[in-house]
Protein chains: 2
Amino acid sequence: MTQARLMDGTALARRIVEDTARRAAELTARTGVVPCLATVLVGEDPASVTYVRMKQNRCRKAGITSRHVALPASTSTAELVGTLRELSADPTVHGILLQHPVGDHVDERAAFEAIAPEKDVDGVTFASFATMSFGLPGFVSCTPGGILRLLDEYGVELAGKRAVVVGRSAILGKPVGMLLLARDATVTYCHSRTRDLSAAVREADIVVAAVGRPRLLRGQDIKPGAVVIDAGYNAGNVGDVDFDSAVERASLITPVPGGVGPMTIATLLEQTVTAAEAAAQGLAAA
Amino acid sequence: MTQARLMDGTALARRIVEDTARRAAELTARTGVVPCLATVLVGEDPASVTYVRMKQNRCRKAGITSRHVALPASTSTAELVGTLRELSADPTVHGILLQHPVGDHVDERAAFEAIAPEKDVDGVTFASFATMSFGLPGFVSCTPGGILRLLDEYGVELAGKRAVVVGRSAILGKPVGMLLLARDATVTYCHSRTRDLSAAVREADIVVAAVGRPRLLRGQDIKPGAVVIDAGYNAGNVGDVDFDSAVERASLITPVPGGVGPMTIATLLEQTVTAAEAAAQGLAAA
């Protein structure tokens, strides 16, 4: 049996970041504006600290300044909202990333909504969700946006195709389904309450697994020739798809790691520079 | 063959409006606050004039004041946004309805976004779409909200069921799918680009037709025993479903007229009183 072609997120992300770095350098040379991403971290969760540091390193390499705001774990919703409003109003900040989780005592939604939509380069606000859903201009959630870029890079036709999204999180499953729908796919949302998940997934020309359950989908669930996007992130670099059996059935598949993962940060960096370009243009027009 | 039971939207809407009128009267007696719906109409499109008048009449019967703002067809986006912001800031107005369409020269989205979410009783803002999508408290779009009420009234179980929404408009198809997803249905969005619509619809335990194409769906497209919601509104009181053939296959079906239609205004009135109650409570707490 023919094995699926791998969708190389690492290579595509590298090209996006190189292009982003060129745009950042050009913007700085032309206007003096250095793109700036503000990263906000509440508490000291080790994984979150690592994620934020990784994002800062990538920013630096792409010619993007990062401004880090470290808040104590005891930060209240009102304090966090205040910080995010200040950053939203600060003309030297172009993008804002609130690292989540923010702690159970904080109203995460209130915090997200304190981010100005034009600085929401992580795509977490209601406004960004709605613009994604309605096919309007705006920032996309980074992982869903990265998935669409990967599909486009590999020439996957979306219009009229059956797409099945497994998972319905606010940051991944829901927006990726809406982006696919805006591109004229026929989209089905499956989730933990779906009966006969396997039958539903077997209808899919394009499968997006975004649920965080190791190897939930196996080769037998994949329609021969389908495109399989594994956005799962589980311990031990295991995706939501059992790669070894799915690779025998799919036509295209993302490996884990090296598939969807690298696209997330690339999209974040790209959107930060886009925000900085828009801000610089706004200044020039004012 | 057994015919489907009819889902009587007229009767359910009447009960909702009666209950709403009781709540309005109780609020006015207790606090002196009379619930007020502002209706904003741009231009003099005859259908729009009729719709607005109908809504005003229903308001009056339910103990809701309506304040009508008639703007000339030449109204600019900035002027319309200004009017909607004033109404959003006016403490005597509890709900705002912008009758659409507003004319091609107006940025309808900018206008909708000028409506304060706490007065968005028609459920048209980005914030309302997002709260519907994420299962958070907020106002729903009136027709989708009315459809969910009908399903609940007739005891239709949603969790784990396959729901197919035909149509993906911002005001009807997209939000009704999100409301069904939030209630744990497995939801598929079909639309004009869907290939083999009939096969996709035949998978559905619950079909919502919301596309505005007369008799697009026929009995042969309906899985025996499915629940059929016809939200179509076409000339001559014809729905998106061919009633005569679908009624032979479905277990429950909404007639046109008298099914989904009456639920829309009932939901609008109910949400206006809910907004007034919340505003009065806010005043009492202040």
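This is a predicted model: local features need pLDDT of at least 70, side-chain atom pairs count only at pLDDT 80 or more; totals for chains, interfaces and linings use all residues.
## How the two chains meet

Contact here means heavy atoms within 4.5 Å.

The size of an interface is often given as the accessible area lost when the parts come together. Between chain A and chain B, that buried area comes to about 2900 Å², with carbon and sulfur atoms giving 62% of it. On the chain A side, A:Phe126, A:Phe134 and A:Arg195 supply 21% of the area that chain A buries against chain B, more than any other three residues.

UniProt, in an unreviewed entry, lists residues 7-122 of chain A as "domain: Tetrahydrofolate dehydrogenase/cyclohydrolase catalytic". Over that stretch the chain is 50% helix and 16% strand, and its end C-alpha atoms sit 23 Å apart.

Another UniProt annotation (again from an unreviewed entry), "domain: Tetrahydrofolate dehydrogenase/cyclohydrolase NAD(P)-binding", covers residues 141-278 of chain A. Here the chain is 36% helix and 14% strand, with 18 Å between the end C-alpha atoms.

A:Phe139 is in the loop between helix H5 (126-134) and helix H6 (142-153) of chain A.

What does A:Phe139 touch, leaving aside its neighbours within four places in sequence? Its contacts include A:Pro117, A:Glu118, A:Asp120 and A:Val121, then A:Ser128, A:Thr131 and A:Met132, and also A:Gln271, A:Thr274 and A:Ala275. Take A:Asp120: A:Phe139 and A:Asp120 are 19 residues apart in sequence, yet 6.6 Å apart in space, C-alpha to C-alpha.

## The annotated binding site

UniProt puts a "binding site" feature at A:Gly167, A:Arg168 and A:Ser169, also from an unreviewed entry. A:Gly167 is in the loop between strand E5 (162-166) and helix H7 (173-182) of chain A, and A:Ser169 has its place in the loop between E5 and H7 too.

How exposed are they? A:Gly167 is buried, with a relative accessible area of 4%, while A:Ser169, at 31% relative accessibility, counts as partly exposed. Leaving aside neighbours within four places in sequence, A:Gly167 is in contact with A:Gly173, A:Tyr189, A:Cys190, A:Ala210 and A:Val211. Not counting residues up to four places away in sequence, A:Ser169 touches A:Lys174 and A:Pro175.

## Helix H3 of chain B

Now over to chain B. Helix H3 (residues 77-89) has 13 residues and reaches 18 Å from its first C-alpha to its last, close to the 18 Å expected at 1.5 Å a residue. Its buried residues are B:Leu80, B:Val81, B:Thr83, B:Leu84, B:Leu87 and B:Ser88. Looking down the axis of H3(B), these buried residues fall within an arc of 160°, so they line one face of the helix.

What covers that buried set? The cover includes strand E2 (36-42), strand E3 (65-71), strand E4 (95-98) and helix H4 (108-113) of chain B. The face of H3(B) turned away from the buried side carries the exposed residues B:Ala78, B:Arg85, B:Glu86 and B:Ala89.

## Strand E7 of chain B

Strand E7 (residues 206-209) of chain B is covered on both faces. B:Ile206 and B:Val208 are buried on one side, and B:Val207 and B:Ala209 are buried on the other.

E7(B) pairs in the parallel sense with strand E5 (residues 162-166) of chain B, over 4 bridges. In that pairing, B:Ala163 has B:Ile206 as its bridge partner in E7(B). E7(B) also pairs in the parallel sense with strand E8 (residues 227-230) of chain B over 4 bridges, and B:Val208 stands opposite B:Ile229 in E8(B).

The peptide bond from A:Val256 to A:Pro257 is cis, with omega near 0°, and so is the one from B:Val256 to B:Pro257. A:Pro257 lies in the loop between strand E9 (252-253) and helix H10 (261-285) of chain A. In chain B, B:Pro257 is in the loop between strand E9 (252-253) and helix H10 (261-285).

A couple of positive phi angles turn up as well. A:Arg215 has a phi of about 50° although it is not a glycine; it lies in the loop between strand E7 (206-209) and strand E8 (227-230) of chain A and is partly exposed, with a relative accessible area of 40%. B:Asp184, also not a glycine, has a positive phi of about 75°. B:Asp184 lies in the loop between helix H7 (173-182) and strand E6 (186-190) of chain B and is buried, with a relative accessible area of 18%.

Notes: Residues are numbered from 1 along each chain as its sequence is written. Chains are lettered from A and ligands numbered from 1 in the order in which they are written. Side-chain values use heavy atoms; hydrogens and water are left out. Helices (H or I, at least four residues) and strands (E, at least two) are DSSP runs, numbered from the N terminus. The expected span of a helix is 1.5 Å times one less than its number of residues. Buried means under 20% relative accessible area, exposed over 50%, partly exposed in between (1.4 Å probe, protein chains only). The arc is that of the directions from the helix axis to the C-beta atoms. UniProt positions are given in the numbering used here, feature names are shortened, and annotations may be inferred rather than shown by experiment. Two strands pair if DSSP finds at least two bridges between them. Buried area is the accessible area (1.4 Å probe) that two parts lose on being put together, summed over both.
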